[in-house]
Amino acid sequence: MTWRPKRPGRLIVRILIGLLVVLLVLAVGGYFVINSRLHRIEALTDYDGRPADTPGTNWLLVGSDSRAGLTKAQRRKLATGSSVGRRTDTMMLLHIPDTGDRPTLVSLPRDSYVPIDGHGSGKLNAAYAYQDGGPKLLAKTVEKVTGLRIDHYMEIGFGGFVGIVDAIGGVEINVKQAIKDPKAGIDLKKGLQTMDGGTALGYVRTRATGAIPDFDRTQRQRQFFSAVVKKAASPGVLINPFRSVPLALSATDSVAVGDESGAFDLLSLGLAMGDNPVTTVVPVGSLPTIDGQAVVKWDTAKALRMFEALAQDKPVPKDALGK
């Protein structure tokens, strides 16, 4: 009997099938681990007059100034201060269309003067800060003022922000002008550069630029968020266990999501942000002072056109985009 070696082609196929099975098991196992680790909060609730469901998917993305998880040394290093209480530093509405068109990321200025249930009218971020407020009142306020039903809620604090950026190896940002701000702990030169978590945190927090600092800041927040989520969803991170595993662990330790959201929803969010979203801000009509506070009043007509377009799953008309 003559001995014949096994066909190398069959051996390669078997190895590839084995690897695929292992990867599938790891992916499924990873999903359940990540999903079970997610910190969930009650943010989206039904109430009389809540906007009806509309095409597409709407996310309310919130950056809070929580120092939870940061040591005193880290607070000093990151120049976050030691404020207590809860406030929102960033609020953005992301619309992912069902049509395959580009997503739209809209900054909601924190000083927007809007009606807040039980509190008259005030700054948008006050809806989160009130004793009876938090995610539920903030989400309800955004729904009522935009007419859009929020499908998913995600929130992250200072510590989580830094951890996620460092987990993906930093993020590349094009700085439009040199910025030196000791209060935010940054001294940046103009131009393209890779920022670690601490530097990126200072970059999106600083109010040291622009005639209207908060407007400049909302632009940087959209720029940063687009860059970090796009990188997190890139093949170089997703298929690299030395990046993807720390990212997944950091995200589950740092991010709070609504009860309705899971790991697949976060993945779809990342993929959508990699699709070159339109980034804008709610159109602004005026900047009055009310009850001694400088506030932002929206351009009602343009804002209505913006949110009506999103409710119909259509691109926002160019003349209704904020600047």
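Biologist: Are Asp111 and Lys123 buried or exposed?

Modeller: Both Asp111 and Lys123 are buried. Keep in mind as we go that this is a predicted model. The two residues also form a salt bridge, with their closest N and O atoms 3.5 Å apart. That pair links distant parts of the chain, 12 residues apart: Asp111 sits in the loop between E4 and strand E5, and Lys123 in strand E6.

Biologist: What share of the contacts comes from residues 24 or more positions apart?

Modeller: Take the contacts with a separation of 6 or more: 67% of them are between residues 24 or more positions apart. Thr99 is in the loop between E3 and strand E4, and its side chain makes a polar contact of 3.1 Å with that of Asp101.

Biologist: Back to salt bridges. How many does the structure hold?

Modeller: There are 8 salt bridges in the structure. When you read one, check the distance, then where each partner sits, then how covered each partner is. Lys136 and Glu42 form one of them, with the closest N and O atoms 3.8 Å apart. Lys136 belongs to helix H4 and Glu42 to the loop between strand E1 and strand E2, so this pair ties together parts that are 94 residues apart in sequence. Lys136 is partly exposed at 38% relative accessibility, and Glu42 is partly exposed too, at 46%.

Biologist: Which residue forms a salt bridge with Glu143?

Modeller: Arg50 does, with the closest N and O atoms 3.0 Å apart. Here again distant parts of the chain are linked, 93 residues apart, with Glu143 in helix H4 and Arg50 in the loop between E1 and E2. Glu143 has a relative accessible area of 2%, so it counts as buried, and Arg50 is buried at 15%.

Biologist: What joins the side chains of Thr90 and Gln221?

Modeller: A polar contact of 3.1 Å joins them. Thr90 lies in strand E3, residues 88-96. Its relative accessibility is 13%, under the 20% cut-off, so Thr90 counts as buried. Setting aside neighbours within four places in sequence, Thr90 is in contact with Leu61, Val62, Gly63 and Gln221.

Biologist: How many aromatic pairs does a search of the whole structure find?

Modeller: The search finds 1 aromatic pair. In it, the ring centres of Trp298 and Phe307 are 6.0 Å apart and the planes meet at 45°, so the pair is tilted. Trp298 is buried at 14% relative accessible area, and Phe307 is buried at 3%.

Biologist: Which residues make the nonpolar surface patch of about 310 Å²?

Modeller: Phe264, Leu267 and Leu271 make that patch. Phe264 is in helix H10, residues 263-273, and is exposed with a relative accessible area of 56%.

Biologist: And helix H6, is it mostly covered or mostly uncovered?

Modeller: Helix H6, residues 197-205, is mostly covered, with 8 of its 9 residues buried. Among the buried ones are Leu201, Tyr203 and Arg205.

Notes
Residues numbered from 1 in each chain as written. Predicted model: local features only at pLDDT ≥ 70, side-chain atom pairs only at ≥ 80, totals over all residues. Heavy atoms only, no water. Contact = heavy atoms within 4.5 Å. Helix = DSSP H or I, 4+ residues; strand = E, 2+ residues; numbered from the N terminus. Buried < 20%, exposed > 50% of the residue type's maximum accessible area, 1.4 Å probe, protein only. Polar contact = N/O pair within 3.5 Å; in protein donor to acceptor, adjacent residues only side chain to side chain. Patch = residues over 30% accessible without salt bridge, like charges linked within 9 Å, V, L, I, M, F, W, Y side chains within 5 Å. Areas by Shrake-Rupley, 256 points an atom, 1.4 Å probe, with all protein chains shown as cover. Salt bridge = Lys/Arg side-chain N within 4 Å of Asp/Glu carboxyl O. Phe/Tyr/Trp six-rings, centres within 6.5 Å; stacked < 30°, edge-to-face > 60°.
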